[in-house]
Amino acid sequence: MTEHEVLIAGGGPTGLMLAAELSLAGVDTAIVERRESQHLAGSRAGGLHSRTIEVFDMRGIADRFLSRGQVAQVVGFNLVRLDMSDFPTRHPYGLALFQNQIERILADWVEELGVPFYRQREVTGFTQDHTSVTLEVADGSSLRAKYLVGCDGARSIVRKTAGIDFPGWDPTTSWIIAEVETTEEPSWGLRVDATGATQAIGKGDSGKARMVLMDREPKSGEPTLGDLKQRLVDIYGNDFGVHDPIWLSRFTDMTRQAATYRDGRILLAGDAAHVHPPIGGQGLNIGVQDAVNLGWKLAQVVKGISPENLLDTYQAERHPVTARVLKNTMAQTALRRSDERTKALGDIIAELVVMDEPRKRLAAEMSGLGVRYDLGDGHPLLGRRIPDLEVVTASGPLRVFTLLHGARPALINFAKPGSIDITPWADRVQSIDAKYDGPWELPVIGAVAAPAAVLIRPDGYVAWVGDGTESGLADALTKWFGTR
Ligand SMILES: Cc1cc2nc3c(=O)[nH]c(=O)nc-3n(C[C@H](O)[C@H](O)[C@H](O)COP(=O)(O)OP(=O)(O)OC[C@H]3O[C@@H](n4cnc5c(N)ncnc54)[C@H](O)[C@@H]3O)c2cc1C
């Protein structure tokens, strides 16, 4: 039976990112995917938020995305644009780029990293014992690994086989989504229909019309071309001669989150762990960030550097972040109701969210820049993302994110050169003396005191902040990167 250290079920955005992270950490990982190629029938996600661009920048691949997409202010709450161009980041914007292209770029990177990809293999289940997981594939074959991560989307067979609960809220609304040819020029853009519901027609990745039309009443099951035509006539009085759909589907506002992200040797990430309506365009982004949080932790456990309980911090950190995203999308879905009272509420919210403080808070939350993992009290940097500052080292200027290209942790000492000694961890933590005289500024929070040193995890979050002494450093190194 073929063996790997980690198997990833599903090669969508989450599975691809996780495979890359594990591979960078030197773990033998393989992806098992039922699709024949990376191609998606429809465009699905329409872009990346700022933190995801930062994450790709940390790995040295942001330009691959930026060169193909369109930089734009994409954060919005209840259709009100929240401009974040004043945010302290190299990427104070989002990127309009369809999922098909995002996946292709990630898949090329994963291929460069040499990750084996078992395509056209449908996972049907698994068994696990104290030492391994055996993955069952529809063609009758099996694969074995120390760990299995279910990145197999909303209907995750991994989650179901593990018997992990998926509590949440049933749909109250549904939308038809289609990418179609038309014989007439459709009414491009947003349209508030006679019932007050917002409908949208834009261009998809294929260049064809991409239509997102709210159903009059919540429906389930796949729509037909006839359903689409009928809905267009209801809303626009014209079906624009739609024909030859390359994608015709329905999504709902179903909102659910896995009760646990781990069961023994099984972990869940991305849509397999959480689903919500696409309002705000956050699903793909939080899946990528799940992967970046989990990858290095799982790598250390697989290599025996850290005990298994390091994996518990994955759920402890990511579950609350996603619960908040779910709340955000539920709130926005509620505001899409078209009765007069909800419209009045929406008008007042629209006035409030553009005010400075709510704008910053919401934009930080939805762009991912505001994430703070609870690593205890202390300096505001603790548990937050390290900004990509340009520091000066003995060998010249250096962008902090450059240190993270290989997904290895780093200690940066801004105090007297050589004043911090982490020799016992030298095989796994980079250590560098640097100078930085500029301001330290965090989204929403603003200016913070310059730290004397920072310990940065491979996912770019600060695990320890120095005050000129080494107080707490050995504990932080041991907690996150194993004993000496
Ligand atoms: C209309 C729409 C618009 C959206 N817009 C946005 C947006 O603008 N921004 C955003 O961030 N998100 C958006 N999303 C959400 C985004 O598409 C998902 O959150 C994202 O695709 C999740 O990635 P994933 O890798 O976790 O899961 P998926 O993309 O679902 O990938 C799962 C993978 O697993 C494979 N798989 C499934 N079952 C098996 C099996 N049994 N065996 C083997 N392989 C299997 C699938 O083929 C697939 O490749 C949108 C979604 C929709 C529907």
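**Reading the ligand shell and the strands**

Author: In this predicted model, the shell around the ligand is made up of 11 nonpolar, 15 polar and seven charged residues.

Reader: How many residues surround the ligand, and which are the closest?

Author: The ligand is surrounded by 33 residues, and the closest are G10, G12, G153, G270 and G283.

Reader: Which helix supplies the largest share of the shell around the ligand?

Author: That share comes from α7, with four residues. Helix α7 spans 283-302, and both α7 and α1 supply at least two residues of the shell.

Reader: How should I read the pairing of strands in a sheet?

Author: In general, the strands of a sheet pair through backbone hydrogen bonds, in either a parallel or an antiparallel sense. Here, β1 (residues 2-9) pairs with β11 (residues 142-150) in the parallel sense over seven bridges. Within this pair, H4 stands opposite A145 of β11. Strand β1 also runs parallel to β2 (residues 29-32), to which four bridges join it, and V6 stands opposite T29 in β2.

Reader: Where is the pairing antiparallel?

Author: An open sheet of three strands, in the order β3-β7-β4, has antiparallel pairing. Two bridges join β3 to β7 (residues 94-96), and G47 has A96 in β7 as its bridge partner.

Reader: Why is one side of β3 and of β4 left without a neighbour in the sheet?

Author: Strands β3 (47-48) and β4 (70-72) stand at the edges and have a single partner strand each, so one side of each lacks a neighbour in the sheet.

Definitions and conventions
Residues numbered from 1 in each chain as written. Predicted model: local features only at pLDDT ≥ 70, side-chain atom pairs only at ≥ 80, totals over all residues. Pairing = 2+ DSSP bridges. Near = placed C-beta within 6 Å. Nonpolar A, V, L, I, M, F, W, Y, C, P; charged D, E, K, R; others polar.
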